[in-house]
Amino acid sequence: MAGVRRGERGVRVGGVLLSLWRAAAVFRVVTAVVCVYLVVRWRHLYAEPAAAFGAAAALLATTGALAALAWTGRAHRLGVVAGDVVVTATLTLITRIAQHPQQFHGDMPTLTSIWAAGPAIEAGLLLGGASGGIVAGLLQFAASAIVRDGYDGRTLGNGFLLVVVGGISGYLASITVRAEHERAMAAAERGRLRERELLTRSIHDGVLQILGLVHRQGRDDHGVWGALAREAGEQEAALRALITSTSHDAPTGARNITAELAALRSSRVTVSTPDAAVVLPAAGADALMAAVRAALHNIDQHAGPDARAWVLLESSDDQLMITVRDDGVGIPEGRLEIARSEGRLGVSASICGRIEDLGGSVRVASAIGQGTEVEMLVPLRARIGGDDQTLG
Amino acid sequence: MTRPSDDAAAIRVMIVDDHPIWRGAVERDLTSAGFDVVASVGDGESAVRLAAAARPDVVLMDLQLPSMSGVQTTAELVRLDPAIRVLMFSSSGEDADVLAAAKAGARGYLVKSAAAEEMVAAVRRTAAGEAVFSPGLAALVLGEYQRMSSGPAAPELTDRETEILRLVAKGLTARQIAERLVVSHRTVQNHVQNTLRKLQLHNRVELTRWAIERGVTE
């Protein structure tokens with residue numbers, strides 16, 4: 001019964017319900033023109049032409065008033081619809097006076113003919129659900145039955161159609177209005193979510209600011225406050241990484257390398273990426289991220305306690321390059337080759353192996369005291385081991 | 001409008017940040033380092049309103065502002081005074097905003113987690129006309145040139161500019177880059193500034209073309 005709830009009787013209606021009322025008004029106007037045309041055309045045939053013309057004039061007046069009310073959304077009232085039911089039934093009954101008995105018992109339609117379907121439609125709109133329209137349809141059917149002194153097949157058929165029209169219009173009105181209501185609710189919900197997102201963002205920003213401030217003001221203290229300040233710095237980096245990684249969404253089945261790299265940020269690791277999401281199929285993304293993590297792990301293990309790391313993502317149409325650089329102690333010349341020849345894996349398997357499986361190549365540059373730079377180059381058209389999809 | 005050099009007079013700074021505590025801390029640091037903090041405001045509208053009277057050399061701009069965004073504020077300040085030097089100073093992961101502000105005319109970017117001395121140095125360098133680049137900004141600019149390269153009339157980086165931006169993006173300082181490439185510190189700075197200048201010029205041309213295509217006139 002959303003229709004009733006939404007369009008409180010006695011109040012102006014809007015939205016879908018207003019459109020339906022206007023459609024009903026158009027129906028009344030068009031059918032009124034048809035009825036009046038028939039009265040004028042058959043003016044010489046009536047027993048009482050004055051009664052027929054009077055009824056036609058009343059019919060036009062009723063239609064005009066109703067259309068004006070419906071168009072401005074003010075016809076959605078019990079008084080208006082009940083009045084219309086009574087007027088329409090009365091005009092239908094005048095057929096008894098205007099027509100000769102052989103006419104109203106025979107083939108000539110009543111004065112109101114199809115125009116008389118209006119109240120059933122309106123009652124449907126007013127009450128919502130099938131019942132209102134059916135009741136109004138039955139009343140109108142009763143009026144036609146009185147005109148004909150009972151009913152025959154044709155009266156019954158018309159009456160049945162009236163009831164069906166009333167029922168359908170009520171049912172359609174209620175589901176349309178409910179759909180409109182639900183759509184409005186969904187829009188409001190989206191608005192609330194959006195607002196919440198903005199709020200979350202601003203709260204996050206506030207927390208980041210405070211953590212950053214604590215870190216900044218207390219970092220030079222050598223006691224408890226200094227430790228607290230450094231902890232605040234760690235937390236700030238972790239929160240920033242979390243925010244960045246959740247703000248880029250990749251389609252299902254694909255993975256967003258830009259966001260996954262951003263999640264590696266910490267107080268010691270700086271991650272720099274282009275603005276655009278670089279999206280890879282899952283298998284390729286896994287291998288690539290594992291290689292990057294291995295490179296960062298190496299820095300943790302070997303570059304020294306104060307070493308910082310920088311990760312850079314660059315991508316073009318046909319290739320993708322990730323560079324992991326640190327400013328640590330560096331690797332002595334030849335040490336990597338020695339490790340490999342001795343069967344110790346380290347860099348060669350965890351980084352080179354994975355990247356070479358992707359059809360790419362790895363370049364390691366290092367010098368004592370100047371840190372290490374690992375450059376991973378992956379072609380985007382290459383096949384990933386076992387996977388038929390291409391990277392990118 | 002003439003700009004005082006580093007030493008001749010105190011550098012005039014405007015702080016735009018919606019966080020009062022943070023604003024206060026930054027103001028203290030800058031004042032004790034000898035800067036003249038001429039305005040300290042909490043929103044973009046106030047910044048635009050006060051800029052003409054306060055005549056800052058450098059605007060320290062938080063990108064996350066309440067109503068008028070940091071990007072809009074930057075664009076408006078640069079429109080009013082093309083010589084103004086906006087240094088973005090921001091904390092959360094807002095890459096798209098950083099890039100947009102750089103294209104709108106900001107001269108550099110600094111993360112808020114930077115130490116006070118770093119910030120002071122960055123403001124001084126910005127006042128001197130240098131571009132303050134974080135690795136993040138360098139990667140964004142590189143990505144933007146890459147993205148534009150498929151379009152018509154796209155600006156291009158020279159090989160040297162690309163090389164230098166990549167080194168910045170990998171975390172090397174201007175001094176380390178100068179050593180590695182055996183060029184002067186000044187040369188490195190010029191190359192970095194050029195990459196931003198070309199991007200801003202292209203952005204203005206694009207905006208003008210966009211306006212003309214839609215029949216927008218002053």
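The model described here is predicted. Helix 2 spans residues 44-54 of chain B, and its buried residues are G44(B), S46(B), A47(B), V48(B), A51(B) and A54(B). In an α-helix, residues three or four places apart point the same way, because there are 3.6 residues a turn.

Both ends of this helix carry a local feature. Just after helix 2 of chain B, R55(B) adopts a positive phi of about 45°.

## Overall composition of chain B

Chain B contains nine helices and five strands. Read from the N terminus, its elements follow the order β-α-β-α-β-α-β-α-β-α-α-α-α-α.

Of the 218 residues in chain B, 55% are buried. Where contacts in chain B join residues at least 6 apart in sequence, 68% of them link residues at least 24 apart.

## The parallel sheet of chain B

In chain B, five strands make up an open sheet with the order 2-1-3-4-5 and parallel pairing. Strand 2 and strand 5 (108-111) of chain B each have a single partner strand and stand at the edges, so one side of each lacks a neighbour in the sheet. On average, neighbouring strands of this sheet are turned by 20° against each other, direction ignored.

Within this sheet, strand 1 of chain B pairs with strand 3 (residues 58-61) of chain B in the parallel sense, over four bridges. V13(B) stands opposite V58(B), a residue of strand 3 of chain B.

## Packing of helices 7 and 9 in chain B

Helix 7 (residues 159-169) and helix 9 (residues 185-213) of chain B have axes that come within 9 Å and cross at roughly 100°. Helix 7 of chain B is therefore roughly perpendicular to helix 9 of chain B. Helix 7 of chain B contributes R160(B), E161(B), I164(B), L165(B) and V168(B) to the contact, while helix 9 of chain B contributes V188(B), H191(B), V192(B), N194(B), T195(B) and K198(B).

## The mixed sheet of chain A

Chain A also has an open sheet of five strands, in the order 2-4-5-7-6 and with mixed pairing. Strand 2 and strand 6 (361-366) of chain A are its edge strands, each pairing on one side only. From one strand to the next, the twist averages 10°.

Strand 4 (residues 309-315) and strand 5 (residues 319-326) of chain A run antiparallel and are joined by seven bridges. V311(A) has V324(A) as its bridge partner in strand 5 of chain A.

S272(A) belongs to strand 2 (residues 269-272) of chain A. With a relative accessible area of 0%, S272(A) is buried, because residues under 20% count as buried.

Neighbours within four places in sequence aside, S272(A) is in contact with V311(A), L312(A) and L313(A) in chain A, and with P135(B), G136(B), A139(B) and A169(B) in chain B. The side chain of S272(A) reaches the backbone nitrogen of G136(B) at 3.3 Å.

Definitions and conventions:
Residues are numbered from 1 along each chain as its sequence is written. Chains are lettered from A and ligands numbered from 1 in the order in which they are written. This is a predicted model: local features need pLDDT of at least 70, side-chain atom pairs count only at pLDDT 80 or more; totals for chains, interfaces and linings use all residues. Side-chain values use heavy atoms; hydrogens and water are left out. Helices (H or I, at least four residues) and strands (E, at least two) are DSSP runs, numbered from the N terminus. Buried means under 20% relative accessible area, exposed over 50%, partly exposed in between (1.4 Å probe, protein chains only). A polar contact is a pair of N or O atoms within 3.5 Å; within protein, one must be able to donate a hydrogen and the other to accept it, and residues adjacent in sequence count only if both atoms are side-chain atoms. Contact means heavy atoms within 4.5 Å. Axes are lines fitted to C-alpha atoms, for helices over the stretch in contact, and angles run from 0 to 180 degrees between N-to-C directions. Angles under 35 degrees count as roughly parallel, over 145 as roughly antiparallel, 65 to 115 as roughly perpendicular and the rest as oblique. Two strands pair if DSSP finds at least two bridges between them.
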